[in-house]
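Let's take a walk through this structure together. Have the sequence and the 3D view open, and follow along one stop at a time.

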Amino acid sequence: MAFPRPRLLLTLLATTALHTVALSPILAARAQTPPAAGDAIAPTQLPPVNVRAERIPAAERPFVTPAPVSSVTPEQIEQTGNDPKRLLEMTPGVAVNNIASQPGVQVNIRGMEGFGRVNTMIDGVRQTFRVAGHEGGSFAYIDPLFLSGVEIERGAITTAGGMGALAGSVNFRTLTADDIIRPGNSAGGRATVMAGDNGYNISGGVVGAARAGNGVSVLAGVSGLNQSRYDNGHGDTVENTQQNMRNGLLKLGFEPSPEHRLTLSGRVYTNTFSSNYYDQRMQVNTLAAAYDYNPGSQWVDLHANLSYNQARMNWYDRNNGSGWGTSSGRLLTDTAYGFDISNTSRFALGPLDVRWDYGAQYAQNEVSTRSGGVNPDGTLKIGGVFSQTTFTRGIVDVIAGLRYDHYQLDGEGYAAPTNAPVPVTGTFQADREEGRASPKFTLSVRPAEWLQLYTSYGWTFRPPTTAETLYSGVHAGATSSFYPNPYLRAERGQGVEVGFNILTQDVLRQGDSLRLKAGLFRTEVEDFINLVSVQDSRRSTKNFYQNVAGTSTLSGVEVEGGYDIGVAYANLSFTHTDIEYANAAAQNFLPDTMFGIDIGARLFDRSVTVGTRVRAYGSTQGRSSPTAAPTGSYTLIDLYGSWAVNDRMRVFANATNLADIAYTQALSETTDSGRGRTIIGGLTVSF
């Protein structure tokens with residue numbers, strides 16, 4: 001069945017029509033008042049549009065944004081030892097699935113993760129790879145040495161990042177030429193090498209960039225990591241924690257004039273590791289093109305993106321062909337295409353300053369397998385249009401957002417006969433489509449220059465994936481079977497946010513700064529999709545995904561902030577969540593409480609930075625999967641430091657789990673899988 005593009009077009013036209021209706025009284029009034037004969041037509045005077053959030057540094061932008069957003073800076077990336085699973089540890093409401101044997105990152109926001117519930121992106125390119133298994137999930141594969149920052153948004157999103165997302169989005173941004181080339185230079189480079197103990201053998205990377213004139217720039221980088229098995233706090237080796245990673249990054253920029261900018265990029269990620277009882281090789285190839293057009297007009301600030309992303313996972317018998325691995329030779333390939341176009345218009349509407357963000361997008365991922373086991377073949381297509389308008393008058397902002405998403409899922413297969421109450425048996429075909437409008441409304445008030453209060457209510461929509469819909473086959477050893485469900489409905493959520501932002505300076509002494517963001521949230525999810533089990537007359541277990549009855553409720557409080565006096569600083573993050581999944585659904589849970597505090601000092605004319613980070617995790621509220629053990633609370637203490645020897649050389653080090661305690665990581669499948677005390681040191685040279 002063809003994808004229903006006319007319906008998407010009709011929705012976009014309807015959205016545009018709503019704004020036309022709003023503008024028509026003013027336009028009509030002007031049209032009915034022609035200038036007197038001989039009079040000159042005076043140009044329309046537009047008041048300045050409020051772009052406060054766009055003028056401040058990226059690290060401070062979350063604290064003037066009336067939404068639950070956060071960011072991770074390059075300095076914070078270095079302080080985590082460039083560990084991809086630690087990048088978000090100081091972000092409230094967010095956790096990472098800590099499967100010790102899996103180098104991929106699966107992000108959990110407010111208790112929701114996997115199957116696209118969190119739209120995880122790299123430079124805006126959706127990461128859609130999903131694999132079934134005891135240590136499976138929905139993973140993104142990244143190299144922190146190539147990152148310039150991370151942007152996180154929790155809850156409903158009515159701009160490009162919200163398509164098909166139930167809980168929020170995360171975008172990992174890679175380096176650009178501007179990150180590498182120093183001001184006033186035409187070329188530059190950066191080389192980093194790191195080494196450590198407890199299995200962290202060596203890693204490093206080199207990135208170079210140059211501007212060739214006529215608006216042409218190039219960036220290229222290579223990196224690698226070699227890690228062997230590490231020990232936990234008891235001194236016991238945690239099996240299958242080795243990996244051997246290689247990466248490459250290439251970007252070409254063309255800026256023939258200030259109005260036009262075109263960026264072509266390519267990324268290759270490869271890694272070999274052992275997970276789910278097999279040696280595995282992962283390769284991700286990404287090609288992307290981004291075009292920006294800004295002619296200096298208040299009406300046009302255009303962005304268009306086109307992407308191709310293919311992820312391939314191979315399974316190998318770790319016993320060197322002994323025959324134990326029945327799935328040796330398995331290949332899972334996820335090929336994804338994406339396109340989006342958006343524009344921002346800024347104008348005045350009577351006494352109101354208006355910013356209007358609108359656009360359309362489309363994404364498709366095709367899954368193909370060889371000896372795929374329970375991993376199915378299939379195609380998911382999703383398209384959407386969106387409009388978000390900010391009306392500002394004085395201290396008040398009203399934001400009205402609306403997006404419409406429509407998906408189509410195709411696949412077919414065969415399910416073995418059974419007398420158990422499963423959704424389908426025999427030959428089946430999945431050909432399902434559904435669309436939904438998801439609005440969001442936000443009210444923001446700034447009673448003082450340093451204080452912003454906000455509240456919002458929004459809806460979300462997440463289509464089922466091919467992995468959930470077409471999941472079928474026999475478990476290794478024939479202990480149970482898996483059945484497809486071509487009748488799955490999309491998950492739907494709605495929720496309220498109430499919060500405030502504080503961003504100010506000169507609080508206790510001249511030159512200091514205070515940042516604080518706090519919010520309460522409550523989200524209700526209907527038609528939650530969960531893996532359920534039934535038995536046939538022989539008491540053989542049959543598993544399949546199903547929309548569970550009832551409402552899943554997620555609520556809590558999130559706080560982040562910091563105080564900085566230049567020579568010293570303190571940052572904090574706090575999350576408390578109450579999660580009740582419908583029908584006792586077994587899904588990945590956040591710890592009930594997560595707390596982090598980061599205290600540091602800058603010495604010797606700020607050339608030396610030393611700090612400590614304390615991370616405390618409460619007990620989890622349930623099991624992350626049928627094979628996982630519940631985790632108790634634990635607290636980790638880390639140290640970090642760096643020394644800028646000169647403006648081109650930087651030495652840094654960090655020690656994680658300083659007390660060398662044994663613990664089971666939250667959202668982990670392996671007891672006592674937490675890494676024991678590990679010390680890593682490194683050197684970065686800029687040239």
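A charge is said to sit over a ring if NZ of Lys or CZ of Arg is within 6 Å of the ring centre and within 35 degrees of the ring normal. You can find another case at tryptophan 315, where the charged end of arginine 330 sits over the ring, 5.4 Å from its centre.

A word on where this comes from: the model is predicted, so local features need pLDDT of at least 70 and side-chain atom pairs count only at pLDDT 80 or more, while totals for chains, interfaces and linings use all residues. Residues are numbered from 1 along each chain as its sequence is written, and side-chain values use heavy atoms, with hydrogens and water left out.

Stay with arginine 110 for a moment. Its side chain also meets that of glutamate 558 in a salt bridge (2.8 Å, N to O); the term stands for a side-chain nitrogen of Lys or Arg within 4 Å of a carboxyl oxygen of Asp or Glu. This pair links distant parts of the chain, 448 residues apart: glutamate 558 belongs to strand β29 (residues 551-564), and arginine 110 to the loop between β3 (107-109) and β4. Strands here are DSSP runs of E with at least two residues, numbered from the N terminus. Glutamate 558 is buried and arginine 110 is too, where buried means under 20% relative accessible area, exposed over 50%, and partly exposed in between (1.4 Å probe, protein chains only).

How many salt bridges does the structure hold? The count is 28. Among them is the one between aspartate 292 and arginine 261, whose closest N and O atoms are 3.0 Å apart. Those two sit 31 residues apart, aspartate 292 in strand β15 (residues 278-293) and arginine 261 in strand β14. With a relative accessible area of 16%, aspartate 292 is buried, whereas arginine 261, at 38%, counts as partly exposed. Arginine 462 and glutamate 468 make another salt bridge, with 2.9 Å between the closest N and O atoms, and both of these residues are buried. Elsewhere, salt bridges link Arg86, Glu89, Asp598, Arg613, Arg615 and Asp638 into a network.

Now for the rings. Rings of Phe, Tyr and Trp (its six-membered ring) pair if their centres lie within 6.5 Å; planes under 30 degrees apart count as stacked, over 60 as edge-to-face and the rest as tilted. By this rule there are 14 aromatic pairs. One of them joins phenylalanine 528 and tyrosine 581: the ring centres are 5.4 Å apart and the planes are at 25°, so the pair is stacked. Phenylalanine 528 lies in the loop between β26 (513-526) and β27 (529-535), and tyrosine 581 in the loop between β30 (568-580) and β31 (593-603), so the pair ties together parts that are 53 residues apart in sequence. Both residues are buried.

Next, look at how strands line up. Two strands pair if DSSP finds at least two bridges between them. An open sheet of 5 strands runs in the order β1-β8-β9-β4-β5, with mixed pairing. Which strands stand at its edges? They are β1 (69-72) and β5 (125-126), each with a single partner strand, so one side of each has no neighbour in the sheet. Inside this sheet, β4 (residues 118-122) and β9 (residues 168-174) run parallel and are joined by 5 bridges, with valine 118 opposite glycine 168.

Strand β10 (residues 187-196) is worth a look too. It runs antiparallel to β11 (residues 200-213), with 9 bridges between them, and valine 193 stands opposite glycine 204. Their hairpin has 3 residues between the strands, and there asparagine 198 takes a positive phi near 50°. β10 also pairs with β35 (residues 678-686), again in the antiparallel sense, over 7 bridges.

Key: Helix = DSSP H or I, 4+ residues; strand = E, 2+ residues; numbered from the N terminus.
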